[in-house]
Structures are given as C-alpha cells and as structure tokens.
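Subject: Structure handover

Hello,

Here is the structure for you to take over. My notes on it follow below.

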Amino acid sequence: MGWLSENGLLLGLAALDGLAYAASVFMVAVGLNLVFGVMRVLNVAHGSFYAIGAYTAASIGLAIAAAGLPSWLSLPALLVAAALVGLVLGPPIERLLLRRVEGQEPVLQLLVTFALFMILEDVQKLIWGVQPVSYDTPLKLLGTVDVPFGEDVIPFTAYQLYVLPGIAILTLVGLAWFLRRTLTGRIIVAVTTDREAATAMGINAARVTMLTFTCGTALAALGGALAVPTTAMVPGIGASTIVLSFAVVATAGLGQIEGAAVSALLIGLGRSFAVYFEPELEVVVPYLIMVAVLLLRPQGLFGVAETRRI
Amino acid sequence: MSRHIEWLAALLGAALLVLLAWSAPWLRFVLTVALAKGIAVLGLLLLLRAGQVSFGHALFVAFAAYAVAFAAPSVPEALLLLPLAALGSALVGLVVGLFVVRYREIFFGMLNLAISMVFYSLLEKFYSITKGTDGIRLPPVTIAGQALTGATYEWTVFGIALVLALAFGALVRVYLASSMGQALMGIKTRETRLEFMGVSGRRVLLAAYVLSALMGGVGGAIIAMTSRHVTPALAYWTASGELVFIGILGGAGSVVGPFLGAVAYELTRVYAAAAVADAWQLILGAVLLAVILFAPGGLWALLRGRRTA
C-alpha cells in the first residue's frame, strides 16, 4: 500500500487528465470513423482538420479579445470555429477531390488524402507561422475546481473537468440519437451498410457522402478547437493526432461510435498514466494497446467480423 | 517486348543518372538518396502487387539506418555493414510479418503504421541510447578496406546504390514472373481462389513481406552511409507515406517505376525547397494530386504513352 499512498494523488491527477484528453481524442476519432463508414476511405488529412480547427479557434478567440468583447464569448467561439472549418473545407474537398477518385483503387484514394495532408500542413505554416500558438482564455475564465480525492483535494481546471467531457458526451449521445432516430441519420447508416442498395432505394448517396464528410471535418475541427485552451499548437500536431485517432478507431473497430468512446477512454487514460509514471512510454502506449487488441480481436473491440466474400 | 523496353529504360536511366551526378556534383547526394529510396519503394511495389499497402515501411529503412549507425564504430566497413543491416531488417520483417500477414487492406496498413510508430517513439524517447531527435552521427567507414574521403567516397556510395538498384530491379522482375509472384497477384484478385488451389495466401505474402523488408533495409543502409546522420524522422509515418507516394508517382506497373518516381520526387523536393522554402510540401502534394487525377498509372505509364492503372 506504500506505493499507492505515495502516488495516490498523482494517480488521481493522471485519471482526470486522461479523461479530458480522451474527450478531445474521441471527437477526432469519431469523425474519422463516420467518414470511413460512408466513404470507405481512411482520411489522412483528418489530422490537419484538427490542427486547422485549433488554429482557427485561437485566431477567433484572440480577435474577440482584441475587439474588447466580453470574454465569455470565447466559449461559443470554439464551436463557431469548428463549424466554420467544417463548412469551408468539407464540401469543396469532398466534391472536388474525393468524389473524383471514388471507386478507384483504395491506395489511390488514401494517397489523395495524403497529398491533401501535405498541402494543408504547409498552408497552416503559411497562415499561422511556425511559432507555438496558445490561447487559454476559456481555461482561465472558468477557473479551477477542487476535486475531492480520498482525504486530499486535487485542484483541476473546470474547463477540463466539465466542458471537455461534457461536450464529448453530448456529441456521443447526440450522434447516436441522430444516426438511429432521425431520417437523415438512418439514411447515413443505410449508405454505410450498403451503398448500392441504398442508391437503388432512391437515396442520393453523393449528397449523403458530402454531408457526412462535412460533419466529420467539423468534428475533427471541434476536437482541435476544444484542445487549444489546454495545449499549445505547433506544426506537426496534425500528423501526431491522425496516427493517434487511427489507433483509437482500429482498437474500437471500424464503424463503431460507442466503441470509439470506450477505446478513446482506454487510450486516453493509458497515455495519461504513462505521462505521469513512465514518460518514455507516452507515445508508445496507444499503439501497444491497439496491437494487443488487434492480436486478440482482429476486428477491434466492438467490430463485427465480416464474413469472407467468396 | 515489355522486357526489352524495361531493360532499355533501366540502362538509359542509369546512364542519365551518372551524367547528372557528374555534371552537377551537389546532385550526387540527392541522386544517391533517390536510388536508396527507390530500392525501398521497389519492396513496397511487391506488396502493392498483392493489393496491400504498408503505411509503415519506413520502419525497415530506419532500422537498417540505425543498425549501421550503431555498428559502424565497431565494424567500420561499408561492404559488411550494408548486408548486415539489410539482413537485420529482413529479420525484423519476418517477425513483424508473421503477425501482420494475417490482416488485409486497411488493417494491414494500420498495423504496419502502428508498429513503425512504436519504433519511432522508442528511437525518440530513449535518449540515453539513441540520442533522441538529435540523432547519431556516423563515423567514417571504409569501403573494401579503403578509407575514402570527399568526392571519391560519394561516387563510390553512388555506384554501390546504382548497382544494387539494377540488381534488385532484376530480382523483383524475376520474382514477379515466378510462381510466387503470380500467387502474389492472386491475393489481389481473389485470395479465396488461391487457397482453393492449395496455396497459402499468408505464406505468399510473408515471403514478399520479408523480401520487401530486406529492400527497405538496403535503402536505409545506403541512406545512413550517404547522409552520415540518422534521426528518428526516418521512421515517422510521413516517411512511410513518402514511400507509398513515390511508388504511385512512378507507377506500380514496372520495376523502373519506383526509381523514376524516387528521382522525380527528390529533384522536385530539392528545387521546390530552394524556390519556396516554406511550401515544398505544398508543391509535392499538388504534384501527387495531379498524378493521381490525371495519370493514375504514374510516370512510367505516362512515358510509355498509355494508361495502365
């Protein structure tokens, strides 16, 4: 028990940190998953949308501060930034690039998104420079909360404690409701399950694809916008985000929404514990979890094994 | 018919490279790296023939490069280091391969990605052994017992790369034409039929995977000896993406494609970086998009004047 009483506080802090981190990763991963379901393309540029969402949120927030507007506006500004990025980048990219390679070899489709990633990577540098961009008004605005932990208390920011997980849960519940209970959502599920049959039933699959891609882009941007108050944005953050969300999606199983939440938690907490106890393993842990899961369940934790096509 | 054209293209290309390296000495380094990457991409081409994309092949390049860097102080002989490092990569390829050949398509690609990223983080985080992102400088090595310096050393490494490129090009041609190569393409067309014929798809893919890891290792060893400095960036996923990029740029239809792609890629990169320092990735991305949208068979198909995507 000696170790636990010595490191108990650290353990609690790691758990809280991991929770907040998982929330932001979940947004990105669930967007990636949604897009993969409908388009069958693993979008490498998804990480760039995360980074651009973060940078845009910081720019809008700083503009609000510069204009002398009330600082509570900085919170809705995060959502506005995400929606803006989704609407500005999503439709043209889907229409002008991805639709043109639809039905081609998967390698080519993957590489189109890789090319897009390379382009967006430099676009970020050209617009926002290479210096770290940070913006923590929302964090300061909400102050800290003392979280009781045994006999001690852990001071933790209210933003990371309530806002991040709150929005993640809202997204999860909202998305599950949208996909299962609304007509548009069920159409998306239909196209995911069988594009050809859905089209035969009179569904405009092209429109559904564009809608889904825009939503996915906005979700990635939201993940970035929500992360910017807690992390400084530097070039290359999109590249590390995308591999992490690949790991989350593969661990969960492709096409799983609730599964993505569970594996985001698993990987978020795992990474966070590594940060506090074995910093060398920080980056390795998510992949170790993924490899271990795929060894035991090749279709992912919640994935449904596909029957072989003969 | 196509056989003669490929040989002709290969020899013509080799002569052209020598001429280029001779006329502009600073290009020698760029072209050696291009040849090294071409050999690694050639390995990737084997897997592409089976319809599988490894988004983590930089693992084998980086492994061999680090193997050279670690072994160079005790074995300072290039002609020993190169095969040793390449065999090391092949061995890693065998271990990783036993695991990943059970998966196809997206999962195959992602597992490769994950394993290469694990290796990347180990290189980056264990500073005491690998010196982290600073990387390791290579001590001078001898080639066939000769302590070469400056231009002579560069020319020799360039020559080795060129000879190996031709040799592996010929080997892959023979391999693809063999029954193992034919079975490899069967994985892409329909693996179930292959298994009905009593051929194990996994074993066929594993053999190709180990061979491709070996070629990745050869490429990595040459890169280490040319740049004389290895960093974890060699193993990052973008480096793997770059290899796939080169494969598609050159065209997967021929063994000449990877080298065509690698030379075009490196030259574009050097000139783009010189012209607009902050936007070379942007330019390369745009080139890649143009190739995919307008010439899906890659440069090789363009040169031959027909699309064979």
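Helices (H or I, at least four residues) and strands (E, at least two) are taken as DSSP runs and numbered from the N terminus. The model is predicted, so local features need pLDDT of at least 70 and side-chain atom pairs count only at pLDDT 80 or more, while totals for chains, interfaces and linings use all residues. Residues are numbered from 1 along each chain as its sequence is written, and chains are lettered from A and ligands numbered from 1 in the order in which they are written.

Chain A

Chain A has twelve helices and two strands. Read from the N terminus, its elements follow the order α-α-α-α-α-β-β-α-α-α-α-α-α-α. The C-alpha trace of chain A spans about 60 × 50 × 35 Å along its principal axes.

One residue in chain A

A:Ser24 lies in helix H1 (residues 2–39). Is A:Ser24 buried or exposed? A:Ser24 is buried, because 28 other C-beta atoms lie within 10 Å. Beyond its neighbours within four places in sequence, A:Ser24 is in contact with A:Leu164, A:Gly223, A:Leu226 and A:Ala227, where contact means C-beta atoms, placed from the backbone, within 7 Å.

Chain B

In chain B there are 13 helices and two strands. With a radius of gyration of 19 Å, close to the 19 Å that the globule rule gives for 309 residues, chain B is as compact as a globular protein of that length. Buried residues account for 52% of the 309. Of the contacts in chain B between residues at least 6 apart in sequence, 78% join residues at least 24 apart.

Where the chains meet

In all, 37 residues of chain B are in contact with 36 residues of chain A. On the side of chain B that touches chain A, helix H5 (105–125), helix H10 (237–250) and helix H12 (280–294) of chain B each supply at least two residues. H5(B) gives the most, with 13 residues. The residues on this side of chain B comprise 27 nonpolar, six polar and four charged. Here Ala, Val, Leu, Ile, Met, Phe, Trp, Tyr, Cys and Pro count as nonpolar, Asp, Glu, Lys and Arg as charged, and the others, Gly among them, as polar.

Regards

Key:
The radius of gyration is taken over C-alpha atoms; the globule rule is 2.2 Å times the number of residues to the power 0.38. A residue is buried if 20 or more other C-beta atoms lie within 10 Å of its own, exposed if 12 or fewer, and partly exposed in between; C-beta atoms are placed from the backbone. Two residues are in contact if their C-beta atoms, placed from the backbone, lie within 7 Å.
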